[in-house]
Amino acid sequence: MAYDAALRKAVDILQNSSSVVAFTGAGISSEAGIPTFRGSGGLWERFRPEELATPEAFERDPERVWRWYAWRIGIVLSAEPTLAHRILARWEDEELLAGVITQNVDGLHQRAGSRRVVELHGRITRARCTGCGRSVELEAPPEEVPPRCGACGSLLRPDVVWFGESLPEDAWREAVELSSSCDAMLVIGTSAVVYPAAQLPLIAKAAGAKLIEVNPEETVLSRRVDAPLRMGASEALSALDEILGG
Ligand code: NAD
Ligand code: ZN
């Protein structure tokens with residue numbers, strides 16, 4: 001579909017929906033300077049996920065895993081929400097958007113002002129004690145790795161969902177509820193290959209919702225979407241915002 005036609009289709013979908021939900025992935029934050037996992041320039045071109053983002057990797061070498069997380073925490077803490085994050089937050093205020101479901105761990109949606117944010121994969125600036133379960137907010141990357149719990153001395157781990165781990169139950173339940181009750185889902189910046197999160201657009205579609213995809217590259221979801229917008233998140237959302245507001 002040509003870009004102009006896809007944009008018109010997307011606007012038409014949004015104008016005829018009473019409940020719109022955004023489902024976001026690492027691509028929406030790439031414009032904030034946070035590397036994605038996949039896609040060109042993604043982190044996995046330089047690191048192997050099974051060596052770093054798994055419980056087994058942490059068991060084997062917590063220091064190595066924490067060094068990688070300390071680097072990423074530093075990037076996230078110095079990043080600012082993008083125009084795309086801010087438009088989504090404003091759409092929620094204007095009641096054009098019911099909420100955001102995100103796979104991101106960077107907290108940028110909340111920092112942009114979004115209030116209803118379902119975090120499927122946790123938060124990178126939070127650590128959790130492997131012994132007593134206490135959670136710790138990190139205001140800076142840990143200076144010594146691996147960091148230990150101030151209360152019980154056990155290892156802390158990043159409070160994110162690793163490959164092979166299950167999603168927080170409440171977040172998953174809320175995400176399924178939002179997905180199955182919306183009329184339209186904006187799927188922004190996700191390669192749609194990480195399960196079970198990638199099921200959500202399919203759940204939405206099966207329940208009758210229209211799908212709008214915002215991604216400069218084609219994904220496994222592309223052939224099922226109603227309006228594919230092949231461009232970056234901020235550019236696509238500002239184009240939509242301008243037409244909707246005008
Ligand atoms: P992904 O890395 O697998 O895919 C990123 C997608 O974003 C690609 O399809 C790419 O084409 C697209 N993209 C690149 N630039 C874009 C732009 N400017 N606008 C719109 N789209 C753009 O990411 P994923 O699907 O979210 O899944 C990977 C996992 O990575 C998630 O579970 C998440 O927890 C984790 N992750 C999170 C962050 C973050 O929080 N910012 C960063 C990296 C990875
Ligand atoms: Zn502890």
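Helices (H or I, at least four residues) and strands (E, at least two) are taken here as DSSP runs numbered from the N terminus. The structure is a predicted model, in which local features need pLDDT of at least 70 and side-chain atom pairs count only at pLDDT 80 or more, while totals for chains, interfaces and linings use all residues. Residues are numbered from 1 along each chain as its sequence is written, chains are lettered from A and ligands numbered from 1 in the order in which they are written, and side-chain values use heavy atoms, with hydrogens and water left out.

Two helix pairs were examined, with axes being lines fitted to C-alpha atoms, for helices over the stretch in contact, and angles running from 0 to 180 degrees between N-to-C directions. The axes of helix 8 (residues 169-181) and helix 9 (residues 199-206) come within 8 Å and cross at roughly 35°. Trp172, Ala175, Val176, Ser179 and Ser180 of helix 8 meet Gln199, Leu200, Ile203 and Ala204 of helix 9, contact meaning heavy atoms within 4.5 Å. The contact of helix 8 with helix 9 comprises six nonpolar, three polar and no charged residues; Ala, Val, Leu, Ile, Met, Phe, Trp, Tyr, Cys and Pro count as nonpolar, Asp, Glu, Lys and Arg as charged, and the others, Gly among them, as polar.

For helix 6 (residues 83-93) and helix 10 (residues 233-245), the axes come within 8 Å and cross at roughly 35°, and the crossing is left-handed. Helix 6 contributes Leu83, Ala84, Ile87, Leu88, Arg90 and Trp91 to the contact, and helix 10 contributes Ala233, Ser234, Leu237, Ser238, Leu240, Asp241 and Leu244. Nine nonpolar, two polar and two charged residues make up the contact of helix 6 with helix 10.

The zinc ion (ligand 2) is coordinated by the SG atoms of Cys129, Cys132, Cys149 and Cys152 at 2.3 to 2.4 Å. Donors are N, O and S atoms within 2.8 Å of the metal (3.2 Å for Na, K and Ca); water is not among the atoms, so sites may look incomplete. The arrangement around the zinc ion (ligand 2) is tetrahedral because the four donor atoms subtend angles of 97 to 118°, four donors being counted as tetrahedral if all angles lie between 85 and 135 degrees. The donor residues follow the spacing C-x2-C-x16-C-x2-C in sequence. Cys129 is buried at 4% relative accessibility, and Cys132 is partly exposed at 43%; buried means under 20% relative accessible area, exposed over 50%, and partly exposed in between (1.4 Å probe, protein chains only).

Most residues other than glycine have a negative phi, and most peptide bonds are trans. The peptide bond from Val145 to Pro146 is cis, with omega near -5°, as is that from Tyr195 to Pro196, with omega near 5°. Ala192 has a positive phi near 55° and is buried at 5% relative accessibility. Glu95, in the loop between helix 6 and strand 2 (99-102), has a positive phi near 60° and is exposed at 71% relative accessibility.

Notes:
Four donors count as tetrahedral if all angles lie between 85 and 135 degrees; four count as square planar and six as octahedral if opposite donors are over 155 degrees apart and all others between 65 and 115; anything else is irregular. A crossing is left-handed if the near helix is turned anticlockwise from the far one by less than a right angle, and right-handed if clockwise.
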